Amino acid sequence: MSMTLTEKILARRAGKSAVTAGDSVLVDVDVLMTHDVCGPGTIGVFKREFGEKARVWDAKRVVIIPDHYIFTSDRRSNRNVDILREFVRDQGIPYFYDVIDDPSGKWEFDASRGIELAQYGAKYAGVCHIALPEKGHTRPGEVLVGTDSHTCTAGAFGEFATGIGNTDAAFVMGTGKILLRTPPTMRFRLVGEMQPGVMAKDIILHVIGEIGFDGATYKAMEFGGEGVGPMSIDDRMTVANMGVEAGAKNAIFEADAKTIAFVKARAAEHGTAVPFETVTPDAGANYVYDLTVDLSALEPTVALHPDPGRRKVASACGDIKLDRAYIGSCTGGKTSDFEAFADIVDGKEVRIDTFGVPATPQIVRELKANRRNGRSTWDVLLDAGVRMTENAGCAACLGGPSDTFGRINEPLSCISTTNRNFPGRMGDAGGRIYLASPYTVAASALAGHIVDPRDYLPGVRELEEVGA
Amino acid sequence: MSTVIRGKAYVVGDNIDTDQIIPAQYLALVPTIEEEYRKLGTYALCGLPVEEYPTRLTENEKVPCPYNIIIAGRNFGCGSSREHAPIALGAAGVEIVIAESFARIFFRNCIATGELYPADCPERLCEVFKTGDALEIDLDALTVKRAADGASHALNPLGEVKTVVAAGGLFAYARETGLVPERSAAS
């Protein structure tokens, strides 16, 4: 029987020769990820249901990445990182990317040292969805579940990856299994090549606008076609990341040589290698929807407040005045996102308050190492007036505690490289959030209103990557 | 939970996301800590814009709130995977959400926690009912009636959702069906 990529992975991990959309299956989980916001609750359910002395099903398959509410004086948030540390110690979990180095210490953010300078130790990894691949925990053909809706990001590596709640995660912790209903698959064929000024973010904002922001609810989004090959790993992650913004259960790309090279290099670097087998979709598989997206026809695109499906091309946005710009998060806080941002603002000055939060400490290091005409990308961003913090994390993408860096504490209009623009998403309930690519956010930060970044593109990019 | 639910409705529109159900600044509250579970209830739906929703689900952070039934439009619970969302509603005293459609993770979290029934309906009931209407919902007959006029509206079949929520959530159901061992054998 012909199967889609998602069906094939679920069949394999359910120990069945075939599954079809709608089948409920009990699936073996390869990796369970949790973080500081949902980890303590997951641990609470795990202990309540399996007993205080219960052991997780496989300590090496539980990956714990504090990243949400870290650089805040909120006492409960600091405590939640300590709850994770204690559990990790009891269970002997090797992959815990703690904020501090001392395994028996307590985490306390020191506001007096300021928010810009790094306050984490050597183990801290930053935003979970970027840290997972960076540390070598994403592999083709696997099943990854995480207590965060943007877990779908890892579909960029040819695996089934989806977000779940605490109770489901506790069930996985105890049994290594999850009950899943096989989703019907929607296929998106990417053809052609993106024009200068257009980024992966524009692809996914275009697609969500096309199908509506509940257009993929309960479904798998499978991206294929000859347009995928030239896309970087970062680009694929950006697209898969926002699958959930169309309601999707998962978003997935077929793994290619680029994927495998990336995965193997990260696993070798961090000693996290595990054998894996790539999976390909069958010819003649059943797709409930088929859309061809001509990448060469895409334009810089914006999702207007208050939902990610309210698509408008940037050039048609008219004069939408802005108070703030933000670059960061699992969607738009990668090195390539900041480099694109720097392409636009290099040598210029932003006209509105602009905040930059790299997703991971590794990205902070790369931005400080990469050079443009002898200056680091980090310094180029600072010179342009961007407020940068070394304290990598989810920060203001989801608002967070009131002292969170970049949080909107008044009803401001903000253009952002992040993923959601619902009322209150970045803090104040009256805030208006516009989602766009790093290019569009950068150009709009220079202009003070939403603009098409193609009028701001530099001629030639003079970037030498050093030590990246 | 009984399969007939009587009480007052709180009516919301389309695309009520998890940030409106429980704003992110309250996510540091851990739902399995009893005091924090109760606190989550006091904030349920406090992210709804005040201009659009001048009547609040919980007034002065008082729980249980006067409404045990939520009536919603499309895509209720979209956004994050935070289990705090169904838990906040459950802790506020909500027993059921009836919506035209649900976002997947929220729907699943309602069932897994057993906090409340997620029921969908063929009609756009958020334009039929008003906040404060007294309703009677029969989960066996799959009907929802307004006490004032007795007009009856249909719910879609709940299937296994009803069995799992009635059992008390995923773990209770898993024990009944042998997916996980009985509690005495577990610890």
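Let me start with a term: buried means under 20% relative accessible area, exposed means over 50%, and partly exposed is in between, using a 1.4 Å probe and protein chains only. Hello everyone, and keep that one in mind.

This is a predicted model, where local features need pLDDT of at least 70, side-chain atom pairs count only at pLDDT 80 or more, and totals for chains, interfaces and linings use all residues. Residues are numbered from 1 along each chain as its sequence is written, chains are lettered from A and ligands numbered from 1 in the order in which they are written, and side-chain values use heavy atoms, with hydrogens and water left out.

How confident is the predictor? pLDDT is its confidence in each residue, from 0 to 100. Chain A has a mean pLDDT of 96, with 98% of its residues at 70 or more. Residues 462-468 of chain A, though, have pLDDT below 50. Where pLDDT is low, the predicted coordinates should not be read in detail.

Now to where the chains meet. Counting a contact as heavy atoms within 4.5 Å, 49 residues of chain A and 43 residues of chain B take part. About 3700 Å² is buried between chain A and chain B, 56% of it on carbon and sulfur atoms; buried area is the accessible area (1.4 Å probe) that two parts lose on being put together, summed over both.

Next, the charged pairs. A salt bridge here is a side-chain nitrogen of Lys or Arg within 4 Å of a carboxyl oxygen of Asp or Glu. There are 39 salt bridges over all chains, and 6 between chain A and chain B. One of those 6 pairs R79(A) with E36(B), at 2.5 Å from N to O.

Another pair is D214(A) with R74(B), whose closest N and O atoms are 2.7 Å apart. D214(A) lies in the loop between helix 6 (200-211) and strand 8 (220-224) of chain A, and R74(B) in the loop between strand 2 (69-72) and helix 3 (84-92) of chain B, so the pair joins two chains. Helices (H or I, at least four residues) and strands (E, at least two) are DSSP runs, numbered from the N terminus. Buried or exposed: which is D214(A)? At 16% relative accessibility, D214(A) counts as buried, while R74(B), at 41%, is partly exposed.

Within chain A, D452(A) and R454(A) form a salt bridge, with closest N and O atoms 2.7 Å apart. D452(A) is buried at 9%, and R454(A) is partly exposed at 33%.

Notes
pLDDT is the predictor's confidence in each residue, from 0 to 100.
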